[in-house]
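User: I have this one open now and would like to go through its contacts and folding elements with you. Please start with the side chains and be careful with the terms.

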Amino acid sequence: MKHSLIISDSEGIIRAAEIIRNGGLVVFPTETVYGLGADGLNGGAVRKIFEAKGRPADNPLIEHLSSIEQAETVAKNIPDLFYRLAEKFWPGPLTIVLEKQSVIPDEVTAGLSTVGLRIPDHPLTRELINRVGRPVAAPSANRSGRPSPTSFEMAKQEMDGRVDAIIDGGVCRSGLESTVISVHSDELHILRPGFITAEMLKDVSGLPVTIATKEQTGKVRSPGMKHPHYQPNAKVYYTDEIDPFRLSNIFAGKKLGLILFNDSAKPVEMPAGAEVINVLDWEDYAFKFYRALVEMDDRGVDVIIVQSVARHGLGTALMNRIERAGERLER
Ligand code: TXA
Ligand code: MG
């Protein structure tokens, strides 16, 4: 296997931009998760992303921009509210879905008439997109179905040899993918919850904010929400009640990994041989979650138990990822 070129400075970014402009693939860091990028106006290059990930072709990609004005080159009928939201939250973990112009290849949008846009917040990646001079289409840089990479090591483990270059930007600051929204004149829809919460969007827009769920709409609005995602090798269960005695009984003979708040059970009470990763609060949970899943695989556990959280604020995004990584442990 030919290893991917590793890039870690501005000089390397010049090379990475050339690779993208020539139709190649570059993995880049963002504040949310690592992305797997290609020239967002080149359908052939974008198809390579789907091959490298093993991603279903019906799942659209986000176009990563270098400026708010660049949205006007790829989207149409842009509402005023778009500008208010972009000015407030960009660069940052918010993806805004707008009507697309025909320059956007169908490969990016999986044939939809809309396109998701965001400006990511990482200095090397902003420099990269600037130098490319076109939008950069990118999904998360995991192989399809796996936890999204939130560190250089994870990104390399997922994509080395499958892409032309990988940019080392260390650990991702927030650790969960961007909030995906669609904007209407009288309301905002959250298609995928993320770091920018319903509460924050309501404050800025003054509009009602709905969170699209399967139940609410009868169909999945963000195509990616229906695919399995975030799954490590070990089987994942979530529960709000961490009772070491009960867990030892249910999973007798299995090596357990527990991801839980540090005040939920005393170390002395843990099931024998269990691996434990503690989180301090919701932000720390978001920051560590995908890394912790992969770390548990590395530690050789059979089953991962993760602690659930309440569904408000950042808890909505956390529960969305937790539910898709695993299954609820029935009482
Ligand atoms: O933080 C992020 O959003 C990361 C970084 C790399 O920017 N990207 C990311 O991409 O998570 P991906 O492809 O793993 O997830 C994109 C999500 C999917 O759920 C997809 O269905 C949805 O955004 N999406 C993209 N374009 C859409 C559109 N036009 N309409 C509805 N949903 C869309
Ligand atoms: Mg993804």
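**Salt bridges, helices and strands**

Analyst: Arginine 299 and glutamate 295 meet through their side chains in a salt bridge, at 2.8 Å from N to O, where a salt bridge is a side-chain nitrogen of Lys or Arg within 4 Å of a carboxyl oxygen of Asp or Glu. The model is a predicted one, in which local features need pLDDT of at least 70 and side-chain atom pairs count only at pLDDT 80 or more, while totals for chains, interfaces and linings use all residues. Residues are numbered from 1 along each chain as its sequence is written, chains are lettered from A and ligands numbered from 1 in the order in which they are written, and side-chain values use heavy atoms, with hydrogens and water left out.

User: Why does arginine 299 count as partly exposed?

Analyst: Arginine 299 counts as partly exposed because its relative accessibility is 30%, and glutamate 295 is classed likewise because its value is 31%. The classes are buried for under 20% relative accessible area, exposed for over 50%, and partly exposed in between, using a 1.4 Å probe and protein chains only.

User: And how many salt bridges does the count come to?

Analyst: The count comes to 16 salt bridges. One of them joins aspartate 106 to lysine 100 at 3.6 Å, N to O, and lysine 100 counts as buried because its relative accessibility is 12%. Another pairs arginine 321 with glutamate 177, whose closest N and O atoms are 2.9 Å apart.

User: Where do arginine 321 and glutamate 177 sit in the chain?

Analyst: Arginine 321 belongs to helix 11 (residues 314–325) and glutamate 177 to the loop between strand 9 (165–167) and strand 10 (179–183), so the pair links distant parts of the chain, 144 residues apart. Helices (H or I, at least four residues) and strands (E, at least two) are DSSP runs, numbered from the N terminus. Both partners are buried, glutamate 177 because its relative accessibility is 3%.

User: Switching to sheets: what order do the strands of the open sheet have?

Analyst: The open sheet of 5 strands has the order 15-14-16-13-17, with parallel pairing, where two strands pair if DSSP finds at least two bridges between them. Strand 15 (275–279) and strand 17 (327–328) are its edges, each pairing on one side only. Strand 17 pairs with strand 13 (residues 235–239) over 2 bridges, and there tyrosine 237 stands opposite glutamate 327.

User: What does helix 10 touch on that sheet?

Analyst: Helix 10 (residues 282–298) packs on the sheet and touches strand 13, strand 14 (256–261), strand 15 and strand 16 (303–307), with its direction at about 160° to that of strand 15. Helix 11 lies across strand 13 and strand 16, at about 135° to strand 13. Axes are lines fitted to C-alpha atoms, for helices over the stretch in contact, and angles run from 0 to 180 degrees between N-to-C directions.

User: Now helix 7, which residues are buried there?

Analyst: In helix 7 (residues 198–205) these are Ala198, Leu201 and Ser205. Seen down the helix axis they fall within an arc of 65°, so they line one face of helix 7, the arc being that of the directions from the helix axis to the C-beta atoms. What covers them includes helix 3 (80–89) and strand 6 (94–100). After helix 7 comes glycine 206, with a positive phi near 70°.

User: How many residues of strand 3 are buried?

Analyst: In strand 3 (residues 35–39), 5 of the 5 residues are buried, so the strand is largely enclosed by the rest of the structure. Strand 2 (residues 26–28) pairs with strand 3 in the antiparallel sense over 3 bridges, and a hairpin of 6 residues joins the two.

How values were computed
Contact = heavy atoms within 4.5 Å.
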